[in-house]
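Hi there,

Here is the structure I promised to pass on to you. Have a look at it first, and then read my notes below.

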Amino acid sequence: MKAVLKRELLNNMKNLLIWSLSVGILGLICILLYQSMQGDMKEMADAFSNMGAFSDAFGMSTLSIATLKGYFATEVGTVHGLGSAMFAAIIAITIISKEEDSHTGEFLFSLPLSRSKILVCKALCIAVMLVVFTVICTVFYIAGFIMLDEEVPYEQLLTFMGRQLLMNFEISGICFGLSSLAGKNRTGLGLGIALICYCYDLMGRVVPDLKDYLYIGPYSYANAAEIFTDTKAPENSLVLAFVFIIIGVLFAFWNYNRRDLAS
Amino acid sequence: MENVVEIRNLTKSYGKNRGVIDVSLDIKQGDIFGFLGPNGAGKSTTIRSMLGFLKINSGGIKILEMDSVKDHERILKEVGYMPSEAWFYDSMRVSDVIKYAAQVRGLDCTDEARKLCERLKVDTTKRIKELSLGNRKKVSIVCAMQHRPKLFIFDEPTGGLDPLMQKKFFELINEYVEQGATCLLSTHVLSEVDKYCKNAAIMREGRLSMLDSPHIDDETFLKFYEEEEE
């Protein structure tokens, strides 16, 4: 099993580096841009905080983007939230199906390993990838604060990154389950799921009728503006996250063990 | 001589489509068993059922006296399989693929792999994506043979191989079989069955018929295909 896990990690390494460096560096650039925009920030912050529902949606009614913490939560929070979810979706939705899609399944499945063991390796690979992705991005963001000689809000930043990691696990859990369906490339579907989850949260914060159902989406507990203002995450959203992860993973195992493998 | 493969009343369908119907087959130890049949007759379905890639509808398969469902992993330890399309991870080097296949089996097959690569002239430094079908097939042969399995299952192995490599491939099979291995050879090439196989069967429309002898003439052989077309 160790050899399969190692191979999975190596096969996905390029993806990991591209995505973590892209999102991390983009976040770092955003943080560094704060200094050049600092002079105009006061007026901008006032304007942004008075845009009604849209200010709520992006958290600008509770946080001032004139402070680095507020700026980070609204700008980098969005970049990381979207980027990490897309990465999680892409690796998880292709990790099982790619074996049949690229015809490598006959080689892999003729080796003396059960399908369940192979899925364990693939699930572990996703988990490692997401943790490493989060660590790399966190290092870039902390570096940004340090480079601007600003105090790093460690507690809130680490809570935010931790919740984002859980959100990534939730999206990847759903996509892992879908990846166990017949072996076709479903990258588009994975990206769609990530974007729908993001849009659902955005709409939920703008449309009053949807507010009560915000907890269903994974962004509800990973919202940067709420975390940086120490707003407690709805408990049911965290419970639901674990439920989705467990269902997605169990479905993958159940479905993959019962179906024929395409050649 | 004991049966290495015992298939009893195997039936496998794909929804409403026919796969194989009521197939029974014994292959004895030391046999090189020719498995003939037109495209879509059910040869690959039978092989893929034996390897556990497909979930069978009814019947049973025993390989080396182990149940193909319950003892799936143990069976694969003793089997060397070469699929008709030899696909590997594109970005890997040939040496890594061969090493990976041995590592997953928990074996160090370095010496046997080196010997096979030398005989088949496999360039282990190249990446898989740089290889032609024939060269990928040679890598597949090494992966199937390096752990010296008790049962070889080859699905149309010689397509893409040049005549010299085909000769070397059959020399290798004969050597392993002389040392106690057994071989199931699925092919369209009658001359291979005639020359190398000890027993043979032909599949048509999902049903298996044993041949009295693997040495059949072209006309008799083609009749099986013509009847299929009719």
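In chain B, Ile63 (B:Ile63) stands opposite B:Met66 in E5(B). Strand E4 (residues 58–63) of chain B pairs with E5(B) in the antiparallel sense, over 2 bridges; two strands count as paired if DSSP finds at least two bridges between them. Helices (H or I, at least four residues) and strands (E, at least two) are DSSP runs, numbered from the N terminus. As background, strands of a sheet pair through backbone hydrogen bonds, either parallel or antiparallel.

Before you go further, please note that this is a predicted model: local features need pLDDT of at least 70, side-chain atom pairs count only at pLDDT 80 or more, and totals for chains, interfaces and linings use all residues. Residues are numbered from 1 along each chain as its sequence is written, while chains are lettered from A and ligands numbered from 1 in the order in which they are written.

Back to the strands. E4(B) and E5(B) belong to an open sheet of 4 strands in chain B, with the order E2-E1-E4-E5 and antiparallel pairing. Strand E2 (17–28) and strand E5 (66–67) of chain B are at the edges with a single partner strand each, so one side of each has no neighbour in the sheet.

Elsewhere in chain B, strand E3 (residues 32–36) and strand E9 (residues 199–204) run parallel and are joined by 4 bridges, with B:Phe35 opposite B:Ala201 in E9(B). E9(B) is also joined by 4 bridges to strand E10 (residues 207–210) of chain B, and these two run antiparallel. Here B:Arg204 stands opposite B:Arg207 in E10(B). E9(B) and E10(B) form a hairpin with 2 residues between them, and B:Glu205 in the turn has a positive phi of about 45°.

Now for the helices. How many residues of helix H1 (residues 43–50) of chain B are buried? The count is 8 of the 8, so H1(B) is largely enclosed by the rest of the structure. (A residue is buried if 20 or more other C-beta atoms lie within 10 Å of its own, exposed if 12 or fewer, and partly exposed in between; C-beta atoms are placed from the backbone.) Among them are B:Lys43, B:Arg48 and B:Met50. After H1(B) comes B:Gly52, with a positive phi near 85°.

Helix H3 (residues 94–104) and helix H5 (residues 133–145) of chain B cross at roughly 25°, and their axes come within 9 Å. That makes H3(B) roughly parallel to H5(B), as angles under 35 degrees count as roughly parallel, over 145 as roughly antiparallel, 65 to 115 as roughly perpendicular and the rest as oblique. Axes are lines fitted to C-alpha atoms, for helices over the stretch in contact, and angles run from 0 to 180 degrees between N-to-C directions. On the H3(B) side, B:Val94, B:Val97, B:Ile98 and B:Ala101 meet B:Val139, B:Val142 and B:Cys143 of H5(B). By class, this contact has 7 nonpolar, no polar and no charged residues. (Ala, Val, Leu, Ile, Met, Phe, Trp, Tyr, Cys and Pro count as nonpolar, Asp, Glu, Lys and Arg as charged, and the others, Gly among them, as polar.)

Finally, the two chains: 20 residues of chain B are in contact with 20 residues of chain A, where contact means C-beta atoms, placed from the backbone, within 7 Å. Helix H2 (72–77) and H3 of chain B are the elements that give two or more residues to the side touching chain A.

Happy exploring!
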